[in-house]
Amino acid sequence: MAVKKNSLKRYKKKRNFKVTPEPIAKKGIWKKVKNPMFVIQKHASRALHYDLRLEIMGVLVSWAVPKGPSTNPKEKRLAIQTEDHPISYGDFEGVIPEGEYGGGVVMVWDIGTYRNLKVSVDGSLIPMSHCLQNGRIEVFLQGSKIYGGYALVRTGSVVGEKSQWLIIKMRDVYADARRNPTSTQTKSVLTGRTMMQIKRDGE
Ligand code: MN
């Protein structure tokens, strides 16, 4: 299994590391981990959104989810694929200066590990890199706020270099139409801080 080629080029190009506190793009070193990382960062840039990132082949493959993930299987939510991020971005929390790319507050809203659930007809697991390429991902997210199966499905529409996906809660015992974690659980899973507190601490 190789590291995704030239994967962090766009990440580097968009940022000035003399100004932003975000981690520099170190080349990913792929090691076969049994439980790869997932993170959801709440990001108050031009428009508030949630960035879902899955560790695949040594980088964090990323989607901007405007409304954040739902726990209701009936709610399909838009997820726009953005540039891959370095693994070290996973626990980044802070303030990106105004005027910089993505300027605004970043919170680690949820973090944990995930398991690949996507099996082929013969019952064998389809590697995540293939799932990504096929535009059909099924993962079991093991976080503090988000727990259970989620499907990510590419819809085909591509705007510029960004492809559009939908994120959908899979039907399992963790599905719950009444929960609304994005509005009821608003603090950082790492530091317990609110967006306001992260902002104040970053100034
Ligand atoms: Mn973002």
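Strands, like helices, are DSSP runs numbered from the N terminus, a strand having at least two residues. The model described here is predicted.

With a relative accessibility of 35%, Tyr 147 is classed as partly exposed, because partly exposed lies between the limits of 20% for buried and 50% for exposed. Together with Val 173 and Tyr 174, Tyr 147 makes a nonpolar surface patch of about 320 Å².

**Strand S1 and its partners**

Strand S1, residues 37-44, is mostly covered, as seven of its eight residues are buried. Strand S6 (residues 104-116) runs antiparallel to S1 and is joined to it by eight bridges.

**The manganese site**

His 43 has His 49 in S2 as its bridge partner, and both histidines are donors of the manganese ion. The protein donors are His 43 through ND1, His 49 through NE2 and Asp 51 through OD, at 2.2 to 2.3 Å from the ion. Along the chain, the donors follow the spacing H-x5-H-x1-D. His 43 counts as buried because its relative accessibility is 9%. His 49 is likewise buried, its relative accessible area being 14%; both classifications follow because buried means under 20%.

**Salt bridges**

The count of salt bridges comes to nine. Three of them are listed below.

| Residue pair | N to O distance |
|---|---|
| Arg 15 and Glu 22 | 3.1 Å |
| Arg 77 and Glu 75 | 2.5 Å |
| Arg 193 and Glu 93 | 2.9 Å |

Arg 15 and Glu 22 are both buried. Arg 77 is buried, at 11% relative accessibility, whereas Glu 75 is partly exposed, at 31%. Arg 193 and Glu 93 form a salt bridge between two loops: Arg 193 lies between helix H3 (181-184) and helix H4 (195-202), and Glu 93 lies between strand S4 (77-85) and strand S5 (94-96), so the pair ties together parts that are 100 residues apart in sequence. Both Arg 193 and Glu 93 are buried.

Methods
Residues are numbered from 1 along each chain as its sequence is written. This is a predicted model: local features need pLDDT of at least 70, side-chain atom pairs count only at pLDDT 80 or more; totals for chains, interfaces and linings use all residues. Side-chain values use heavy atoms; hydrogens and water are left out. Patches are made of residues with over 30% relative accessible area and no salt bridge: like charges are joined within 9 Å, nonpolar side chains (Val, Leu, Ile, Met, Phe, Trp, Tyr) within 5 Å. Accessible areas come from the Shrake-Rupley method with a 1.4 Å probe; for residues, only the protein chains shown count as cover. A salt bridge is a side-chain nitrogen of Lys or Arg within 4 Å of a carboxyl oxygen of Asp or Glu. Buried means under 20% relative accessible area, exposed over 50%, partly exposed in between (1.4 Å probe, protein chains only). Helices (H or I, at least four residues) and strands (E, at least two) are DSSP runs, numbered from the N terminus. Two strands pair if DSSP finds at least two bridges between them. Donors are N, O and S atoms within 2.8 Å of the metal (3.2 Å for Na, K and Ca); water is not among the atoms, so sites may look incomplete.
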